[in-house]
Amino acid sequence: MGGHREVFHVKLPGQDAMARGAEEHLVGGQIRLPNPILQRPLRQVGARLLMALCVLLMTVLIVYIDRGGYHDNADETVDMLDAVYYATVTLSTTGYGDIVPHSDSARLVNVLLVTPLRVLFLIILVGTTLEVLTQRTREEWRLNRWRSTLRDHTVIIGFGTKGRSAIQTLCATGLKKEQIVIVDPSSKVVETANADGFTGVIGDATRSDVLLRAEVQRARQIVIATQRDDTAVLVTLTARQLNRGAKIVAAVREEENAPLLRQSGADAVITSASAAGRLLGLSVLSPSAGTVMEDLIQQGSGLDLVERPVIKAEVGKSVRETDDLVISVLRGHRLLGYDDPAASPLQLTDRLITIVRARSGPPSRTPQE
């Protein structure tokens with residue numbers, strides 16, 4: 001932004017510590033797919049160099065111990081420097097012929113020990129390069145596969161307290177982690193999301209190119225949980241422009257900004273400060289009622305609020321005749337209370353907002369529109 005030059009590249013978690021430090025200065029749509037944490041590259045290179053040095057020292061020791069079986073064309077004797085020289089050129093090449101084993105024991109040692117050590121030395125050095133190339137190819141393949149298979153997913157803008165709470169609720173209803181993409185401007189935050197098993201995109205979500213890297217155009221749901229209300233408005237406008245059919249839910253701090261979010265394209269707006277204040281007030285008037293409300297909005301324990309379709313056996317019945325405790329009926333775009341005469345009888349296209357006991361087994365997602 002401004003005079004800053006945007007840089008885009010694919011980055012997968014846990015593969016490059018040096019790159020992680022540099023990423024703090026980048027703001028443009030880097031994608032990180034979650035995968036097992038790998039050893040840091042500097043530590044990998046250090047370990048390989050140490051192994052190569054050990055192989056070299058072992059070869060020097062072998063040659064020096066049997067130095068009497070070697071012939072130097074220069075002075076016909078082999079000292080420690082000659083042993084180091086011979087080991088170095090032998091491990092890295094096939095040798096120059098100026099120092100050669102001439103005794104049977106020296107030749108046997110070369111066949112049985114020095115040659116295998118030469119092969120091991122080359123594997124260590126060449127293997128590092130091959131591993132980097134293989135890893136890059138593998139990560140590129142994973143990224144392309146992720147893009148081709150991602151459909152009807154959920155994009156979470158902001159991985160702070162609100163974003164994490166939203167994810168906990170979604171996962172409690174059965175949404176898989178593979179179907180969630182995090183967008184956040186901080187690489188450290190995205191690293192945390194990767195550690196939790198989520199795919200992350202580093203970048204400013206007000207930019208359409210960043211949201212496109214999160215495949216927002218193919219998302220089913222978008223949760224906007226940014227720290228600033230003005231940012232939430234810009235993200236909502238951009239997301240709605242890219243995806244006309246997705247369900248967008250946004251959080252704002254100030255209630256006066258809620259209408260602006262709805263005009264920008266949000267289907268639902270949650271005022272975090274007002275909601276917390278109302279819950280505080282309810283808890284003062286009735287601590288038990290406040291506990292029940294907190295339990296209802298915490299999926300997976302105690303009582304849960306669940307939206308589900310009307311089943312065939314319920315068609316034509318009144319709201320009170322259903323097995324679940326129905327509090328509202330969604331009919332088209334109208335939300336009818338349980339005591340509204342128009343709510344009964346139930347229709348096949350209705351959706352019910354019910355209160356149910358949380359299941360102790362694996363969660364199952366309710367059908368969505």
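Predicted model: local features only at pLDDT ≥ 70, side-chain atom pairs only at ≥ 80, totals over all residues.
The charged end of R67 sits over the ring of Y64, 4.2 Å from the ring centre. For a charge to sit over a ring here, NZ of Lys or CZ of Arg must be within 6 Å of the ring centre and within 35 degrees of the ring normal. K177 provides another case, lying over the face of F198 at 5.5 Å from the ring centre.

Residues are numbered from 1 along each chain as its sequence is written, and side-chain values use heavy atoms, with hydrogens and water left out.

Let me turn to the protein as a whole. The protein has 11 helices and 13 strands; helices (H or I, at least four residues) and strands (E, at least two) are DSSP runs, numbered from the N terminus. Of its 369 residues, 38% count as buried. Buried means under 20% relative accessible area, exposed means over 50%, and partly exposed lies in between, with a 1.4 Å probe and protein chains only. Among the contacts with a separation of 6 or more, 62% are accounted for by residues 24 or more positions apart, a contact being heavy atoms within 4.5 Å.

I come now to the sheet. Seven strands form an open sheet in the order β1-β6-β5-β4-β7-β8-β9, and the pairing is mixed. Its edge strands are β1 (30–32) and β9 (268–271), each of which pairs on one side only. On average, neighbouring strands of this sheet are turned by 15 degrees against each other, direction ignored. Strands of a sheet pair through backbone hydrogen bonds, either parallel or antiparallel. Two strands are taken as paired if DSSP finds at least two bridges between them. In which sense do β1 and β6 pair? They pair in the antiparallel sense, over three bridges, with β6 spanning residues 199–202. Within this pairing, I31 has V201 of β6 as its bridge partner.

Helix α8 (residues 229–242) touches β4, β7 and β8 (247–252), and its direction makes about 170 degrees with that of β8. Helix α10 (residues 272–285) also packs on the sheet, touching β8 and β9, and its direction makes about 60 degrees with that of β9. The axes are lines fitted to C-alpha atoms, for helices over the stretch in contact, and angles run from 0 to 180 degrees between N-to-C directions.

Next, the salt bridges. The structure holds nine of them, where a salt bridge is a side-chain nitrogen of Lys or Arg within 4 Å of a carboxyl oxygen of Asp or Glu. R207 forms one with D209, the closest N and O atoms being 3.2 Å apart. Of that pair, R207 is partly exposed at 26% relative accessibility, whereas D209 is buried at 19%.

What separates the closest N and O atoms of D350 and R331? In this salt bridge the distance is 2.8 Å. D350 lies in the loop between β12 and β13, and R331 in strand β11 (residues 325–331), so the pair ties together parts that are 19 residues apart in sequence. Both partners are buried: D350 has a relative accessibility of 1%, and R331 has a relative accessible area of 15%. Elsewhere, salt bridges that share partners join R308, E314 and D324 into one network.

Is E215 buried or exposed? E215 is buried, with a relative accessible area of 8%, while R218 is partly exposed at 23%. E215 is also a residue other than glycine with a positive phi, near 55 degrees, and its place is in the loop between α7 (208–213) and β7 (221–224).

D152 likewise has a positive phi, of about 50 degrees, although it is not a glycine. D152 is found in the loop between α4 (104–149) and β4 (154–157), and counts as partly exposed at 44% relative accessibility.

The bond from S344 to P345 is cis, with omega near 0 degrees. P345 is placed in the loop between β12 (334–337) and β13 (351–357).
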